[in-house]
Amino acid sequence: MKDRDLEKKLDSVQSRLYESQRVVVLTGAGISAESGMPTFRGKDGLWRRYRAEELATPEAFARDSKLVWEFYNWRRTLLQPLRPNPAHLALAQLERQIPQFTLITQNIDDLHRLAGSKNILELHGNIWRVRCTKCGKITEDRRVPLPELPLCSECQGLLRPDVVWFGESLDPEILRKAYQALDSCQMMLVIGTSGIVQPAASMGLHAKQAGAYVVEINLEPTPNSRFFDVSLLGKAGELVPRLVKSAENL
Ligand code: OAD
């Protein structure tokens with residue numbers, strides 16, 4: 001009975017998806033879990049073993065840059081072998097089928113790009129980019145590990161990961177594009193995020209209030225589930241591909 005309910009919900013969400021011209025997808029750590037990346041707040045969550053405020057803040061970097069770089073080098077080592085899973089791949093396929101498709105992600109792991117997604121707004125930056133603390137130059141750097149204290153090739157300033165740390169503001173241009181898409185989308189999928197960290201946490205509600213039909217896909221209900229139109233409970237790697245039509249069925 002339960003499975004039949006889920007199937008019915010999936011069919012109805014799929015129909016709406018393909019009737020939409022403008023779709024926004026918001027993803028969080030849950031979409032990468034099946035690729036092997038620990039999430040932040042689950043039972044094996046990253047921040048349970050490492051206190052975020054000790055490592056992912058500008059203050060921590062000013063106090064002990066070596067320790068912060070050790071943490072990011074460890075995360076780079078974990079991420080390097082990971083590959084996109086069926087949920088990432090299905091979203092890349094969906095983008096090719098929907099006229100206006102925007103993918104907003106809180107993930108810094110680059111797996112959406114590896115899967116083939118194009119129109120990606122990375123709210124929290126990208127772990128494979130570094131930024132010079134002196135001249136501001138941003139470059140892609142995929143070395144694992146990076147030197148203990150990596151330096152800018154232009155000015156010899158200390159590099160930092162090009163990610164957003166606790167207490168820092170998000171890139172205003174990325175936010176502007178995100179809200180533009182949220183304001184005009186007809187349908188939004190909110191996938192694998194606990195809905196706790198702002199501003200991403202309220203983006204689903206924002207789209208809902210602007211008139212979108214909002215669907216949540218998560219292993220479990222979240223504090224936002226009650227605001228959304230549909231909640232699909234299960235693994236992103238199984239549910240997302242089920243929503244996307246193969247080319248021959250279009
Ligand atoms: P969380 O770890 O807070 O939440 C992950 C969510 O994914 C939870 O709601 C899980 O139930 C769900 N989940 C886990 N596995 C799943 C699966 N296979 N399929 C579907 N859902 C699954 O991660 P985020 O919400 O992304 O910010 O965390 C938001 C931000 O908090 C991160 O970007 C990071 C962190 O602090 C910064 O570092 C600035």
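Is Cys 132 buried or exposed? Cys 132 is buried, at a relative accessible area of 4%, where buried means under 20%, exposed over 50% and partly exposed in between (1.4 Å probe, protein chains only). Cys 185 is likewise buried, with 5%.

The model is a predicted one, in which local features need pLDDT of at least 70 and side-chain atom pairs count only at pLDDT 80 or more, while totals for chains, interfaces and linings use all residues. Residues are numbered from 1 along each chain as its sequence is written, and side-chain values use heavy atoms, with hydrogens and water left out.

The structure contains zero disulfides, a disulfide being a pair of cysteine sulfur atoms within 2.5 Å. For Cys 132, the closest cysteine sulfur is that of Cys 155, at 3.5 Å, which is too far for a bond.

Two domains, with bounds from an automatic or database domain assignment, divide the protein: domain 1 (2-36 + 83-124 + 170-249) and domain 2 (45-81 + 136-163). Their C-alpha centres are separated by 28 Å. Five residues of domain 1 contact six residues of domain 2, contact meaning heavy atoms within 4.5 Å. Between them the domains bury about 480 Å², 52% of it on carbon and sulfur atoms; this buried area is the accessible area (1.4 Å probe) that two parts lose on being put together, summed over both.

One salt bridge is found across this interface, the term denoting a side-chain nitrogen of Lys or Arg within 4 Å of a carboxyl oxygen of Asp or Glu. Arg 142 forms a salt bridge with Asp 110, with the closest N and O atoms 2.3 Å apart.
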